[in-house]
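Reader: I would like to learn how to read a structure like this one, feature by feature. Could you take me through it?

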Amino acid sequence: MTGFANPQSYDLFSPEALLNRYPLYKRMREEDPVHYSESFGYWVLTRYRDVEAALGDERLSSDRTALFINQLGSLDINLIQNFIRVTSKSIIERDPPDHTRVRKLANQGFTTRAIESWRSIIQNTTDRLLDNVENDGCMDVVSDLSVILPGLITAELFGVPEADRANVLKWGVDIATFWGAPGSSNIEEYARKADFAIAQFSEFIRQLIEERRRQPGTDMISLLTMAYEEQGFNLEELVSQCVMISNAAHLTTTDLIPNGVNALLHHPDQLQKLQENPALINSAVEEVIRFDTAVPFLFRIAKQDLTIGGKDIPAGSVIALGLGAANHDPEKFNSPEVFNIMRSPNEHLGFAPGIHFCLGAVLARMELTICFTTLLRRLPNLKFNPDKPAIPRHTSLVFKGFDSLPVKF
Ligand code: HEM
């Protein structure tokens with residue numbers, strides 16, 4: 001290996017990196033922007049221009065089955081047979097031309113009419129959760145709000161009965177933990193839980209689809225089921241789409257809420273600016289997505305030999321696209337380490353522009369806008385809780401958030 005300043009020290013799972021990844025990203029970008037990690041067995045891109053180009057590169061596949069198997073190491077592949085069966089059929093893992101077909105179908109769940117109906121669901125759910133804590137003078141942004149809110153909203157969107165919501169949330173977390181941890185030492189435990197969870201979740205969704213086929217409603221499962229009825233019904237694929245959309249919908253937003261509150265509380269001048277001028281909320285939301293990217297890494301597989309940044313990457317290689325690192329690249333952003341809610345332009349890569357551009361970006365932006373606006377309006381004295389430190393999540397490379405973020409008001 002050549003060109004590595006000190007490859008052993010690029011430990012993305014070190015406690016310091018999990019606490020604050022940006023200094024490590026900076027070093028990698030400056031010293032070895034197309035880095036091969038021997039210990040993880042994959043390439044890591046950290047420059048904006050490389051990541052942006054990779055997102056649009058048809059020589060890279062989104063089918064990450066090889067990565068999931070690779071991360072098992074010497075463990076038996078059967079450990080994740082349900083996981084692979086379900087994820088491999090989902091929109092997020094498909095390449096064109098199949099991806100184009102599946103994306104058209106999935107789009108049917110995101111009609112203008114559906115999107116408009118979400119606004120009141122989000123507002124009411126946010127208000128309900130804040131009602132629960134308002135008189136306490138303190139809360140945990142994660143356990144009292146961000147873990148519950150997107151899950152409840154997704155449950156509403158999907159028409160999930162009240163009694164099943166806790167299960168849906170738990171399954172989603174278990175699936176994401178395995179998904180997000182390539183390179184982690186706890187992989188066997190994560191794999192077992194994820195495989196069990198996805199089997200349960202798929203069966204649950206299958207039953208909902210059968211119900212909605214008999215009695216369609218206006219929820220997303222009904223909309224997707226109708227779209228599939230028109231285009232040739234494929235139950236296995238439809239189940240995969242629903243499982244994937246549901247997971248994508250709540251896990252990411254769950255992280256961006258505390259990431260945003262944390263950024264605002266660490267920058268009181270920006271918080272004050274937003275409180276004085278709530279119309280800045282849209283650019284504040286974009287800055288939160290850039291500044292503390294909730295999905296800092298995406299994985300792709302090289303379909304053929306290629307060269308990136310002067311490094312030869314053989315076919316079959318796993319490549320980690322550092323969205324979080326790219327979003328702090330000074331070649332693209334002026335003073336990237338500065339949290340500036342008025343940043344313009346702000347062409348962040350947080351929603352992965354390209355053919356897999358986040359299908360739920362409209363919903364995600366709506367949720368974040370309503371959540372932050374309501375929080376600041378109802379709890380104007382929001383501050384960190386000095387008695388309880390925040391706990392950043394330490395299990396995931398793909399999802400960046402907090403296990404706990406205690407605040408007072
Ligand atoms: C702030 C929250 C969110 C962030 C940061 C986010 C981020 C992303 C990213 C980075 C991707 C690309 C994945 C890849 O190429 O491997 C993606 C794809 C996707 N997202 Fe989101 N997402 C968010 C919220 C949502 C919501 C609320 C939904 C659904 C209601 C959703 C549904 C999807 C779907 C279905 C895809 C796959 C699109 C495709 O493969 O064509 N996301 N998202």
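Reader: Which residues does arginine 64 touch, not counting residues up to four places away in sequence?

Author: Bear in mind that this is a predicted model. A contact here means heavy atoms within 4.5 Å. Arginine 64 touches Ile92, Glu93, Phe299, Arg300 and Ile301. The residue is found in the loop between β3 (60-61) and α4.

Reader: Is arginine 64 buried or exposed?

Author: A residue counts as buried under 20% relative accessible area. Arginine 64 has 6%, so it is buried. As for distance, arginine 64 and threonine 87 are 23 residues apart in sequence, and their C-alpha atoms are 9.0 Å apart.

Reader: What is the relative accessibility of serine 146, and which residues is it in contact with beyond its neighbours within four places in sequence?

Author: Serine 146 has a relative accessibility of 0% and therefore counts as buried. The residue lies in helix α8 (residues 141-146). With those neighbours left aside, its contacts are Val141, Thr254, Ile257 and Pro258.

Reader: How do I read a helix that has a buried side? Which residues of α14 are buried?

Author: The general idea comes from the geometry of the helix. An α-helix has 3.6 residues a turn, so residues three or four places apart point the same way. In α14 (residues 268-276), the buried residues are Gln270, Leu271 and Leu274. Seen down the axis of α14, these fall within an arc of 100°, so they line one face of the helix.

Reader: What does that buried side of α14 pack against, and which exposed residues does the face turned away from it carry?

Author: The buried residues of α14 pack against α13, α15 (281-291) and α17. On the face turned away from them, α14 carries the exposed residues Pro268 and Glu276.

Reader: Which element gives the most to the lining of the largest cavity, and how do its residues divide by class?

Author: The most comes from α13, with 9 residues. Other elements that supply at least two residues include α6 (98-107), α10 (165-179) and β5 (297-302). By class, the lining divides into 34 nonpolar, 8 polar and 4 charged residues.

Reader: What lines the second largest cavity?

Author: That cavity holds about 50 Å³ of space. Among the residues that line it are Gly151, Phe158, Phe201, Ser246 and His250. The elements that give two or more residues to this lining are α9, α11 (187-214) and α13. Of these, α9 gives the most, with 4 residues. The lining divides into 6 nonpolar, 4 polar and no charged residues.

Reader: And which residues are closest to the centre of the largest pocket?

Author: The largest pocket has about 350 Å³ of space. It is lined by 18 residues, of which Leu19, Asn20, Tyr22, Asn262 and Asp292 are the closest to its centre. Here too α13 gives the most to the lining, with 4 residues. By class there are 8 nonpolar, 6 polar and 4 charged residues.

Reader: What is phi of serine 335, and of alanine 352?

Author: Serine 335 has phi near 40°, a positive value in a residue other than glycine. For alanine 352, phi is near 55°, again positive in a residue other than glycine. Serine 335 is partly exposed, at 48% relative accessible area, whereas alanine 352 counts as buried at 9%.

Methods:
Residues are numbered from 1 along each chain as its sequence is written. This is a predicted model: local features need pLDDT of at least 70, side-chain atom pairs count only at pLDDT 80 or more; totals for chains, interfaces and linings use all residues. Side-chain values use heavy atoms; hydrogens and water are left out. On a 1 Å grid over the protein atoms alone, a cavity is a set of points where a 1.4 Å probe fits but cannot get out, and a pocket is an open set with protein on both sides within 12 Å along at least five of seven lines; lining residues have an atom within 4 Å of a point. Grid points are joined across faces, edges and corners, and a volume is the space filled by probe spheres set on the points. Ala, Val, Leu, Ile, Met, Phe, Trp, Tyr, Cys and Pro count as nonpolar, Asp, Glu, Lys and Arg as charged, and the others, Gly among them, as polar. Buried means under 20% relative accessible area, exposed over 50%, partly exposed in between (1.4 Å probe, protein chains only). The arc is that of the directions from the helix axis to the C-beta atoms.
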